[in-house]
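Thanks for coming. I will take a few minutes to go through one structure, starting with its pocket and then moving to its aromatic rings.

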Amino acid sequence: SITEGSDPMSKDWTYLNKPITVLPEDCVGFVYEITNTTNGRKYIGKKLARFRRSRKPLKGRINKRRFTVVSDWKDYYGSSNALLEDIDKIGKDKFKREILFYCKNRAECNYVEAREQFARKVLETDRYYNGHIRVRVHKQVLSKK
């Protein structure tokens with residue numbers, strides 16, 4: 001389970017209306033919805049649970065040294081500038097963070113995020129903070145589940 005790097009004062013994520021402090025072991029990332037409770041405006045996005053990083057090779061070696069680090073998912077509030085401005089103005093306590101789907105691989109994360117954004121027509125209305133949809137998913141990677 002992934003538990004590092006949390007601020008005990010931050011408002012918890014929820015999944016099916018239950019607070020989440022630990023992600024499932026097989027979770028690579030999740031698709032989420034953040035709601036401004038003062039005006040109902042929402043944001044749909046995805047967050048990875050871990051990131052792959054690399055360091056330069058050791059002296060005399062060719063291969064980079066690869067490792068994973070836990071992401072900042074517990075304290076994450078999206079990447080939309082408009083959303084982050086509103087959070088700064090009115091405070092984190094006015095926003096509800098919900099995990100909609102747990103994903104077992106990155107392709108699933110990308111696909112589910114885009115599927116939800118298109119289904120909710122996030123670019124066609126001002127009820128969403130989303131300003132763009134960026135996705136590239138290959139069918140064979142997605143069907144490997």
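The largest pocket has a lining of 19 residues, and those nearest its centre are Y43, K46, S79, E113 and H132. Keep in mind that this is a predicted model. The volume of that pocket is about 370 Å³.

Where does the lining of the largest pocket come from? Two or more residues each are given by strand 4, residues 42–48, and by helix 2, residues 106–119. Strand 4 supplies the largest share, 5 residues.

Now to the rings. A pair of aromatic rings is described by two things, the distance of the centres and the angle of the planes. With ring centres within 6.5 Å as the cut-off, the count is 7 aromatic pairs.

Take W13 and F30. Their ring centres are 5.2 Å apart and their planes stand at 70°, which is over 60 degrees, so this pair is edge-to-face. W13 belongs to strand 1, residues 13–15, and F30 to strand 3, residues 29–36, so the pair ties together parts 17 residues apart in sequence. Are these two buried or exposed? Both W13 and F30 are buried.

F30 also pairs with W73. Here the centres are 6.1 Å apart and the planes are at 80°, so this pair is edge-to-face as well. W73 sits in the loop between strand 6, residues 65–70, and helix 1, residues 81–90, while F30 is in strand 3, so the parts tied together are 43 residues apart in sequence. F30 has a relative accessible area of 0%, so it counts as buried. W73 is buried too, with a relative accessible area of 0%.

Which residues make up the aromatic cluster? W13, F30, Y32, Y43, W73 and Y76 form one cluster. Y43, as I said, is also among the residues nearest the centre of the largest pocket.

Two charged side chains lie over ring faces. K47 is over the face of Y76, 4.0 Å from the ring centre. R41 is over the face of Y129, at 4.2 Å from the ring centre.

Last, S80. This residue is in the loop between strand 6 and helix 1. Its relative accessibility is 9%, which is under 20%, so S80 counts as buried. Leaving aside residues up to four places away in sequence, S80 touches Y43 and Y129. Y43 is the cluster member, and Y129 is the ring under R41.

Notes:
Residues numbered from 1 in each chain as written. Heavy atoms only, no water. Phe/Tyr/Trp six-rings, centres within 6.5 Å; stacked < 30°, edge-to-face > 60°. Helix = DSSP H or I, 4+ residues; strand = E, 2+ residues; numbered from the N terminus. Buried < 20%, exposed > 50% of the residue type's maximum accessible area, 1.4 Å probe, protein only. Lys NZ or Arg CZ within 6 Å of the ring centre and 35° of its normal. Contact = heavy atoms within 4.5 Å. 1 Å grid on protein atoms, 1.4 Å probe; cavity = no way out; pocket = protein on both sides within 12 Å on 5 of 7 lines; lining within 4 Å. Points joined across faces, edges and corners; volume = space filled by probe spheres on them.
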